[in-house]
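Please keep the sequence and the model in view while reading.

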Amino acid sequence: MDSPPAPTDVFRVRANGPLRGTVRLSGAKNSALKLMAAALLVDGELTLEAVPRIADVPVMADVLRGLGMDVDLDPEAEVARLRPTEALHWHAPQDAVTRIRASISCLGPLVGRLRHARLALPGGDKIGARGIDLHLRGLAAMGATIDERPGEVEVIASELHGAIIPLDFPSVGATENLVMAAALADGETVIDNAAREPEIQDLCRMLVAMGARIDGIGSPTISVEGVDRLASVTWTTCPDRIEAGTYAFAAALTGGDVVIERVQPSALTMPLLKLRAAGAIVEEGADSLRVKAADLDAVDVVTLPYPGFPTDLQPQLMVLLTQAIGTSRVTENVFESRFSFVDELLRMGADVHLDGHHALIHGPSRLHGTTLAGLDVRAGAAGTLAGLVADGETYVRDVHHVDRGYADFVPRLQALGADVERLPAAAFDG
Ligand code: UD1
């Protein structure tokens, strides 16, 4: 039987006026983890730069070590060096795999490289069903045999050939896995209705730099002509647009004035459009943003695959809209349970009505500090944001979720003037 999870730290948050100053961000979580998985494909060493100091990175390193990779992490320098050993093997260790959703990204590279993979079915945020049927159907179209057993899946491809693969939904993970498998397959694979997220573009561009032949990067039709081998490369992880959006919303929420550095503004078109529509002033630099706001107005937002509004910013957006004047309507189209955070907002005094995958937010509401469950990485961050404008003290529990996706979250907020502290769970439970 599993032992109960150890209690993890708590954030204590108190309102302290507008956030002001400059924050420099990290490479993207959702890129770095996939770039690390792509090291399974390389003949030689992959050096990654701008690897964020987040908890998921060492877990992914453990998954890869379990598969026979040498992984050397230097968190201070934000560098990872990865090299397959002679003993690369196809069976990933169960404990690390089940702790991290991104370990499913090893499936495509293992099938591409070894023509064989066995993985425990992955863990990660609890935000809906998160099936992998599209990944598996794509691999089957390329000639693989799929054996799904309770808690694990085994994929064997005695031959792995190109195929035309239409995706029912532009799944990020499926697109990435299929591109990585196709990179070393025989012949041409065409993925239709592919996901277009900037992190996928980052992965594809890195694979091209290694010698892969990929067309249509950033478009809904990606074609991959398999090659025999991929070579060593040094690659810089793209900036984290979700982290940037979180700080941008925090700035607007508190009526602050914040400069965010190491950002790719073009990857944030829809969130910035909505911020402006809500009344914020957003200035875009080449790799920076400045966000200022006073009064906020209601806006309607629909989450969609990129370039639509990202589901990973929806909880933070909901917090912002509790402070906007009027009624906002938010529609969640990507993850069925992503509104579970609304219960926490209601307990803080927000006026939100849910109807299926729509939410109506009436604002502005006075929020009151309370103790929030850190439901997932984004809800934990959103709860912290809510605390920045709530009366009294807000406690965000289970912040190991936040650690999975946000590097130096508390010090970065503190540097902007936020009254946020990290407390050990034991101190909190008293
Ligand atoms: C990735 C991101 C996550 C982000 C999400 C959507 C990582 C590590 N995580 O997750 O932060 O919220 O993209 O932008 O990069 N689906 C299926 N079958 C499949 C695949 C997906 O039904 O085979 C469904 C999922 O249950 C979900 C939706 O499709 O409802 C989106 O999933 P997907 O785009 O694959 O997201 P992830 O890659 O899991």
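Q: Which residues in α4 are buried?
A: The model is a predicted one. A residue counts as buried when its relative accessible area is under 20%. In helix α4, which spans residues 107-114, six of the eight residues are buried, so this helix is largely enclosed by the rest of the structure. The buried residues of α4 are Leu-107, Gly-108, Pro-109, Leu-110, Val-111 and Gly-112.

Q: What covers the buried residues of α4?
A: Cover here is judged by contact, that is, heavy atoms within 4.5 Å. Both helices and strands take part, the strands including β6 (116-120) and β8 (152-156). The helices in the cover include α1 (29-38), α5 (133-141) and α6 (172-183).

Q: Which residue follows α4, and what is its phi?
A: Helix α4 covers residues 107-114. The residue that follows α4 has a positive phi. This residue is Arg-115, with phi near 65°.

Q: Which helix gives the most to the shell around the ligand?
A: There are 18 residues around the ligand, and Lys-34, Asp-133, Ser-171, Asp-312 and Val-334 come nearest. The helices α1, α5 and α6 each supply at least two residues of this shell. With three residues, the helix that gives the most is α5.

Q: How do the residues of the shell around the ligand divide into nonpolar, polar and charged?
A: The shell holds 18 residues, among them Lys-34 and Asp-133. Lys and Asp are types that count as charged, while Val counts as nonpolar. The shell divides into six nonpolar, six polar and six charged residues.

Q: How much of the accessible area of the ligand does the protein cover?
A: An oxygen atom of the ligand lies 3.0 Å from a side-chain N or O atom of Asn-30, and a backbone N or O atom of Gly-131 is 3.3 Å from an oxygen atom of the ligand. A nitrogen atom of the ligand is 2.6 Å from an N or O atom in the side chain of Asp-133. On its own the ligand has 740 Å² of accessible area, and the share that the protein covers is 86%.

Q: What kind of aromatic pair do Tyr-247 and Phe-409 form?
A: The model has four aromatic pairs. In the pair of Tyr-247 and Phe-409, the ring centres are 6.1 Å apart and the planes make an angle of 70°. Planes over 60 degrees apart count as edge-to-face, so the angle decides the class. The pair is therefore edge-to-face.

Q: Which helices does the pair of Tyr-247 and Phe-409 link?
A: The two residues are 162 residues apart, and their pair links distant parts of the chain. Tyr-247 counts as buried because its relative accessibility is 1%, and Phe-409 counts as buried at 4%. The helices are α8 (residues 241-253) for Tyr-247 and α14 (residues 409-415) for Phe-409.

Q: Which residues form one aromatic cluster?
A: Tyr-406 and Phe-409 form a tilted pair, with 4.9 Å between centres and 45° between planes. Tyr-406 is buried, with a relative accessible area of 2%. The cluster consists of Phe-11, Tyr-247, Tyr-406 and Phe-409.

Q: What separates the C-alpha atoms of Tyr-247 and Ile-260?
A: Beyond its neighbours within four places in sequence, Tyr-247 is in contact with several residues, including Val-23, Leu-25, Ile-260 and Phe-409. Tyr-247 and Ile-260 are 13 residues apart along the chain. Their C-alpha atoms are separated by 7.5 Å.

Methods:
Residues are numbered from 1 along each chain as its sequence is written. This is a predicted model: local features need pLDDT of at least 70, side-chain atom pairs count only at pLDDT 80 or more; totals for chains, interfaces and linings use all residues. Side-chain values use heavy atoms; hydrogens and water are left out. Rings of Phe, Tyr and Trp (its six-membered ring) pair if their centres lie within 6.5 Å; planes under 30 degrees apart count as stacked, over 60 as edge-to-face and the rest as tilted. Helices (H or I, at least four residues) and strands (E, at least two) are DSSP runs, numbered from the N terminus. Buried means under 20% relative accessible area, exposed over 50%, partly exposed in between (1.4 Å probe, protein chains only). A residue is near a molecule or strand if one of its heavy atoms lies within 4 Å of it. A polar contact is a pair of N or O atoms within 3.5 Å; within protein, one must be able to donate a hydrogen and the other to accept it, and residues adjacent in sequence count only if both atoms are side-chain atoms. Accessible areas come from the Shrake-Rupley method with a 1.4 Å probe; for residues, only the protein chains shown count as cover.
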